[in-house]
Amino acid sequence: MEEDILTTLKILIIGESGVGKSSLLLRFTDDTFDPELAATIGVDFKVKTIAVDGNKAKLAIWDTAGQERFRTLTPSYYRGAQGVILVYDVTKRDTFLKLENWLSELETYTTRSDIVKMLVGNKIDKDGRVLDRTEGLKFARKHSMLFIEASAKTRDGVQCAFEELVEKIIQTPGLWESEGQGQSRSGVHLAKDEAAQGAGSCGGYCSLA
């Protein structure tokens, strides 16, 4: 039922080309994985409704191309987003080093100072890992981001990444409530113990930095 939905959130997925942004999105929205998935051209867009702490939120998730030649659409892409997932590949250090560039772009174009950020180290199923968890966690803490490691291939951490991001957004009412929505604050049940339970629901994958 549409009237049961608390809010609609705009979520972005950013990061270098080939880190698995589209694979994470497909795993989350359709529960599929395609090892031959072609590179995104421009922007892909999917909608999914999820329930977090008893609140339903409709997510409009934007998946962007990592290649430089598609960067012309950047300002409109970032406008109005409440959450962003930054993705790197744990087997490729250069994708981790480029995160600073993505963060500075985010800060340049985002229209919300309190946008919630989630860092995802993807492809933990692969051999040849060069980045350990502590490096990702340290970077996330430095930039006040949530952090999780994941594998779009095996499903590990994927659902949790989106759920934790949405939970944090909903816990920041000024981020998603607008006067036009006319939402009653009393409809949002976010007792501290509930929030703590939510943080522990992902089998230890997620670190709230």
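Predicted model: local features only at pLDDT ≥ 70, side-chain atom pairs only at ≥ 80, totals over all residues.
Trainee: In β6, which residue is the bridge partner of Val 120?

Mentor: Let's look at the strands. Strand β5 (residues 116–122) and β6 run parallel and are joined by four bridges. From β6, Leu 146 and Ile 148 point one way, while Phe 147 and Glu 149 point the other way. The bridge partner of Val 120 in β6 is Ile 148.

Trainee: Is Glu 149 buried or exposed?

Mentor: Glu 149 forms a salt bridge with Arg 129, their closest N and O atoms being 2.3 Å apart. Arg 129 lies in the loop between β5 and α5 and Glu 149 in strand β6, so the pair ties together parts 20 residues apart in sequence. Arg 129 is partly exposed, with a relative accessible area of 35%. Buried means under 20%, so Glu 149, at 7% relative accessibility, counts as buried.

Trainee: How many residues apart are Asp 31 and Arg 155?

Mentor: Their side chains meet in a salt bridge (2.9 Å, N to O). Asp 31 sits in the loop between α1 and β2, and Arg 155 in the loop between β6 and α6. This pair links distant parts of the chain, and the separation is 124 residues.

Technical notes: Residues numbered from 1 in each chain as written. Heavy atoms only, no water. Buried < 20%, exposed > 50% of the residue type's maximum accessible area, 1.4 Å probe, protein only. Helix = DSSP H or I, 4+ residues; strand = E, 2+ residues; numbered from the N terminus. Pairing = 2+ DSSP bridges. Salt bridge = Lys/Arg side-chain N within 4 Å of Asp/Glu carboxyl O.
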